[in-house]
Amino acid sequence: MRETATNFRRGFAAGVLTALQTIGGAIGVAGQAAAQEQDCDGRAALRISVDDESGFISIPEATVVLRWTDAVRQPVREAAGTDGRLLLSAPRDAGEATLWAEFGDASSEESVVAREAGMPHDVELRLLLSKRAWDGS
């Protein structure tokens with residue numbers, strides 16, 4: 001009986017520790033994102049998330065492609081993080097961008113973003129993973 005109670009307490013403590021680590025990790029990620037936005041030095045920050053069609057599953061390391069439509073610059077191709085997110089700082093001379101995500105044979109629809117200096121923009125790119133993404137149905 002005493003051994004069962006001890007095992008229960010250990011299991012409970014391990015569960016609490018795991019929950020606290022998860023919460024701490026989430027706070028750490030939020031803190032990192034805030035710090036990165038400050039690194040944009042007054043420029044617009046694009047907070048990009050790449051998800052599946054439903055929007056419930058993040059797609060880690062999907063490629064985000066960004067093309068500035070009103071500035072002469074090379075397109076940006078950068079991988080999202082393991083959480084499916086990417087933060088990009090807009091150039092000071094760029095006002096509008098077209099972006100999309102790619103992962104294997106799947107891609108998202110294009111999204112057009114107009115920037116405002118110092119303002120963050122949330123962009124959600126949903127990969128079209130179903131059959132209709134390939135055959136147009």
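1. Let me start with W68. Setting aside neighbours within four places in sequence, W68 is in contact (heavy atoms within 4.5 Å) with L46, R73, A90, P91, A94, E96 and A97.

2. A quick word on ground rules. This is a predicted model, where local features need pLDDT of at least 70 and side-chain atom pairs count only at pLDDT 80 or more, while totals for chains, interfaces and linings use all residues. Numbering runs from 1 along each chain as its sequence is written, and side-chain values use heavy atoms, with hydrogens and water left out.

3. W68 also turns up in the largest nonpolar core, which has 22 residues; I48, V50, W68 and L99 are those with the most contacts inside it. Such a core is a set of buried Ala, Val, Leu, Ile, Met, Phe, Trp, Tyr and Cys residues joined through side-chain atoms within 4.5 Å. At least two of the core residues come from each of β1 (45–51), β2 (63–68), β4 (85–89), β5 (96–103) and β8 (120–126). Strands here are DSSP runs of E, at least two residues, numbered from the N terminus.

4. V50 deserves a look of its own. V50 sits in β1 and is buried, at 0% relative accessible area. (Buried means under 20%, exposed over 50%, partly exposed in between, with a 1.4 Å probe and protein chains only.) Not counting residues up to four places away in sequence, V50 touches I57, S58, I59, A62, V64, A80, G84, A101, L125 and L127.

5. Now β7 (residues 111–114). β7 pairs with β5 in the antiparallel sense over four bridges; pairing takes at least two DSSP bridges between the strands. V112 is the bridge partner of T98.

6. On charges, there are three salt bridges, meaning a side-chain nitrogen of Lys or Arg within 4 Å of a carboxyl oxygen of Asp or Glu. One joins D122 and R47, with the closest N and O atoms 2.6 Å apart. D122 is in β8 and R47 in β1, so this pair ties together parts 75 residues apart in sequence. D122 is exposed at 59%, and R47 is partly exposed at 29%.

7. E102 and R77 form another salt bridge, 2.9 Å from N to O. E102 is in β5 and R77 in β3 (residues 76–79), so the linked parts are 25 residues apart in sequence. E102 is partly exposed at 25%, whereas R77 is exposed at 53%.
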